[in-house]
Amino acid sequence: MGRTLQNTMINLGLQNACDEAIYQLGLDMEELEEIEEDAGLGNGGLGRLAACFLDSMATLGLAAYGYGIRYEYGIFNQKIRDGWQVEEADDWLRHGNPWEKARPEYMLPVHFYGRVEHAATGTKWVDTQVVLALPYDTPVPGYMNNTVNTMRLWSARAPNDFNLRDFNVGDYIQAVLDRNLAENISRVLYPNDNFFEGKELRLKQEYFVVAATLQDIIRRFKASKFGSTDSVRTVFDSFPEQVAIQLNDTHPAMAIPELMRIFVDIEKLPWNKAWDITKQTFAYTNHTVLPEALERWPVDLVEKLLPRHLQIIYEINQRHLDHIAFLFPNDVDRLRRMSLIEEGGTKRINMAHLCIVGSHAVNGVAKIHSEIVKNEVFKDFAALEPEKFQNKTNGITPRRWLLLCNPGLAELIAQKIGEDYVRDLSQLTKLHEFVDDDLFIREVAKVKQENKVKFALYLEKEYKVKINPSSMFDVHVKRIHEYKRQLMNCLHIITMYNRIRRDPVKLFVPRTVIIGGKAAPGYHMAKMIIKLINAVAQVVNNDPVVGSKLKVIFLENYRVSLAEKVIPATDLSEQISTAGTEASGTGNMKFMLNGALTIGTMDGANVEMAEEAGEENLFIFGMRVEDVTELDREGYNAQVYYDRLPELKQAIDQIKSGFFSPKEPDLFKDVVNMLFHHDR
């Protein structure tokens, strides 16, 4: 979510009044804003997309709630020490959080473990351990429309009789200390982006947010005038008309069996009716096609933690497979491919399959991604129900990502086309009239230059490097991942460095290359890439032959508040993932909205941005999805390129020989080995 103060003032139309009032108190509003901690309760694009959606839904006046976990520790703070990433706990609540309001009156129980009893009266989940979910509400104001929605985040609390109600006669002190075990559920965010780590605590977190949220939704439904009818059997008939639940990736997939458990076991609905309502209620957004990112939970773990849910998943799967066997008799391979349960080795639940089967709509997040979802990753499911698969290309909120972070540009635009565009970005096409207006073009360039000077001052203060503000600001900020190809950017930096050294008097457009982003703490290759970028920066920035022609900066602790500073100052936006790997990207849109040019591949939303802006207005390069498929088919041999391209050979040799790590010549051997032998 980032910071809240400035966003709230803008959406309430109070920014100028507040600035003035604070100024009269002898204070500086910008200094005050810098004191607020970022709320960093997600990892990357998926979490930020949810934050943007909350702002947009409130601005559209939709009755919408965002639900999640109130992590005590969010995404780690990144320190760079000696060129290496070091993680520090993000103790963001240390000084309290003025934007949240605890709501103990809405506290709800969440059950774990236990066993299942089948009786004549129905099925019961018994002998469970209970954890309480305490909601904290944060207001989400719409833009100048007198709407305030709610983001409700759950915090885990142990019940007061925790570990004291049963056999525990003696150790009262230990029992109270053990309350931490329950409360650990909301302690810390798992810091993986686009990678699945099948840990029990993570599954507990996923079920915790789901179970609390569904109880909350049903309580609200029953309390509303729509929920009340005379006949008990039809109480939930209108549920899908009143309630829509959007699953943000598969992380809340347990909501599907949980809602079935509530309907069948507690509300005593017949299975088929419960299943019909459940499907009509849920829709699923897929956020990635990377196989290592897909959630596949071991059956044994789910059986231990959520025994009733496993039974329900088995029943869902049985009925699903019966239907497929009826449609495709004797096609056992299709049954295997489409099952919710993966056999072989440890049995696992494919959570994406559960989401597809349990939802009435499935979407990808950009045109190209939705096609890959439909025609490749889930093609068997799309063949069955093509009407279920849709596209919803991602977007960004123009309030935070233009008005808030770039007031100079926002004001210039408003002078030309009015202020309505802030609620409807399609109105930006009105700027076409002014492409030949020299004064306007100069004003836009002036705003960009002012933003660059301001950011250069920030960099010099934080990094003690002299930045040339008239150089090209070439920016690559996002989570560090092999598929995002920060390493390719690094090879380009080394090549530019070698060209300058080879011919120091040749004309070279001065560049400041800025790379930033966090690596998952357990992702060895990503951490090596950070170290390499810093090692290259060390050499480049201190070479007198290069001078101010080329500077390299690794931006420490990239987060929302830092994005708000760097994006308005960017000249060139790097969006260079291998085609077919970046589902959408949203940083790409933020840079374009702030007047940067884009160098990128035909991947994710870049494709639609090129379509919209005209391909001649982006620097599009590299293989298309079809070329990648073809290269995979014929086999990729890195050696061929190394032998054919002298500049590439030189760059690789420098990394390999220790040119950038003279004290440890083989420091980057893993990176070079990956490039030659298993570069996906």
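Helices (H or I, at least four residues) and strands (E, at least two) are DSSP runs, numbered from the N terminus. Keep that in mind for every label I use.

Some ground rules. This is a predicted model, where local features need pLDDT of at least 70, side-chain atom pairs count only at pLDDT 80 or more, and totals for chains, interfaces and linings use all residues. Residues are numbered from 1 along each chain as its sequence is written, and side-chain values use heavy atoms, with hydrogens and water left out.

Let's begin with the negative patch. Which residues form it? E411, E419, D420 and D424 do. A patch takes residues with over 30% relative accessible area and no salt bridge; like charges are joined within 9 Å, and nonpolar side chains (Val, Leu, Ile, Met, Phe, Trp, Tyr) within 5 Å. A salt bridge is a side-chain nitrogen of Lys or Arg within 4 Å of a carboxyl oxygen of Asp or Glu. Accessible areas come from the Shrake-Rupley method with a 1.4 Å probe.

Now D420. You will find D420 in the loop between α18 (407-417) and α19 (438-463). Is D420 buried or exposed? D420 is exposed, because its relative accessibility is 52%. The cut-offs: buried is under 20% relative accessible area, exposed is over 50%, and partly exposed is in between.

Next, a nonpolar patch. L164, Y172, I173, V176 and L177 make about 460 Å² of surface. I173 sits in helix α5 (residues 172-177). I173 counts as exposed because its relative accessible area is 54%.

On to the strands. Two strands pair if DSSP finds at least two bridges between them. Take β10, residues 245-248. Its covered face has I245 and L247; Q246 and N248 are on the uncovered one. β10 runs parallel to β11 (residues 282-285), joined by four bridges. N248 has T285 as its bridge partner in β11.

Then a three-strand open sheet. The order is β12-β14-β13, and the pairing is antiparallel. β12 (296-298) and β13 (341-342) are the edge strands, each pairing on one side only. Three bridges link β12 to β14 (residues 348-350). Opposite W297 is I349 in β14.

Last, a six-strand open sheet. It reads β19-β18-β17-β20-β21-β22, with parallel pairing.

Technical notes:
Buried means under 20% relative accessible area, exposed over 50%, partly exposed in between (1.4 Å probe, protein chains only). Lys and Arg count as positive and Asp and Glu as negative; His and the chain ends are not counted. The place of a charge is taken as NZ of Lys, CZ of Arg, CG of Asp or CD of Glu.
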